[in-house]
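Here is a model to walk through together, one question at a time. Have the viewer open and follow along.

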Amino acid sequence: MQPTPFTPWTWREPSALGDDPVTVESAEETGRTGVDLVGYRVEATDGHIGSIDKASYDVGDAFLVVDTGPWIFGRKVLLPAGMVQTFDHTERKVYVDRTKEQIKDSPEYDKETFETPEYRRQVGDYYSGSYRDFPY
């Protein structure tokens, strides 16, 4: 059986442990299907890394911007949606399948360029390489 290739900017299939934010019913006042993940805590495989500052749910272009607070001197990081393993909506947590070190070593986040194709390619390539080198 072939392993599923990593697709950085696409949410994984909903799991039994936590549903895809695009398909979970949201609060009635939003008027849309999905869950707003802004404010959720983000957990790497080896601990807490920060809180979600911005989230995109666009098909094939989904991501999280995480404010790491004091962990890496207030730096923000861009995490492709494909890294998300599961959600805990009760605890308001998102679990990603990379280590703190792998996330810390990711390309520098720049609020002016983070939505450009060049930057997305750089981040996508970085994390795709980490899945080849250190699959979980």
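Q: Where does arginine 92 lie?
A: Happy to start here, with a predicted model in which local features need pLDDT of at least 70, side-chain atom pairs count only at pLDDT 80 or more, and totals for chains, interfaces and linings use all residues. Residues are numbered from 1 along each chain as its sequence is written, and side-chain values use heavy atoms, with hydrogens and water left out. Helices (H or I, at least four residues) and strands (E, at least two) are DSSP runs, numbered from the N terminus. On that basis, arginine 92 belongs to the loop between S5 and strand S6 (93–96).

Q: Is arginine 92 buried, partly exposed or exposed?
A: Buried means under 20% relative accessible area, exposed over 50%, and partly exposed in between, with a 1.4 Å probe and protein chains only. Arginine 92 has a phi near 55°, a positive value in a residue other than glycine. Its relative accessibility is 38%, so arginine 92 counts as partly exposed.

Q: In what order do the elements of the chain run?
A: The chain holds two helices and six strands. Of its 136 residues, 44% count as buried. Read from the N terminus on, the elements run β-β-β-β-β-β-α-α.

Q: Which strands stand at the edges of the sheet, and why is one side of each left without a neighbour?
A: Two strands pair if DSSP finds at least two bridges between them. The six strands form an open sheet with mixed pairing, in the order S4-S3-S2-S1-S6-S5. Each edge strand has a single partner strand, so one of its sides has no neighbour in the sheet; these are S4 (76–80) and S5 (84–88).

Q: By how many degrees are neighbouring strands of this sheet turned against each other on average?
A: Axes here are lines fitted to C-alpha atoms, for helices over the stretch in contact, and angles run from 0 to 180 degrees between N-to-C directions. For this average, however, direction is ignored.

Q: Which residue of S4 is the bridge partner of phenylalanine 63?
A: Strand S3 (residues 63–67) and S4 run antiparallel and are joined by five bridges. Within this pairing, valine 65 stands opposite leucine 78. For phenylalanine 63, the partner in S4 is proline 80.

Q: Which residue in the hairpin of S2 and S3 takes a positive phi near 75°?
A: S2 and S3 run antiparallel, with five bridges between them, and serine 51 stands opposite aspartate 67 in S3. Four of the five residues of S3 are buried, so the strand is largely enclosed by the rest of the structure. The hairpin has six residues between its strands, and the positive phi belongs to glycine 60.

Q: Which residues form one aromatic cluster?
A: Rings of Phe, Tyr and Trp (its six-membered ring) pair if their centres lie within 6.5 Å; planes under 30 degrees apart count as stacked, over 60 as edge-to-face and the rest as tilted. The ring centres of tryptophan 11 and tyrosine 57 are 6.2 Å apart and their planes lie at 20°, so this pair is stacked. Tryptophan 11 also forms a tilted pair with phenylalanine 87, at 5.8 Å centre to centre and 50° between the planes. Together the cluster is Trp11, Tyr57 and Phe87.

Q: Which residue has its backbone nitrogen 3.2 Å from a polar atom of the side chain of glutamate 43?
A: Glutamate 43 is found in strand S1 and is buried, with a relative accessible area of 11%. Contact means heavy atoms within 4.5 Å; leaving aside neighbours within four places in sequence, glutamate 43 has contacts including Lys93 and Tyr95. The backbone nitrogen in question belongs to histidine 48.

Q: What separates the C-alpha atoms of tryptophan 71 and histidine 48?
A: Tryptophan 71 is placed in the loop between S3 and S4 and counts as partly exposed at 25% relative accessibility. Not counting residues up to four places away in sequence, tryptophan 71 touches Ile49, Lys100, Ile103 and Lys104. Along the chain, tryptophan 71 and histidine 48 are 23 residues apart, and their C-alpha atoms are separated by 8.9 Å.

Note on methods. A polar contact is a pair of N or O atoms within 3.5 Å; within protein, one must be able to donate a hydrogen and the other to accept it, and residues adjacent in sequence count only if both atoms are side-chain atoms.
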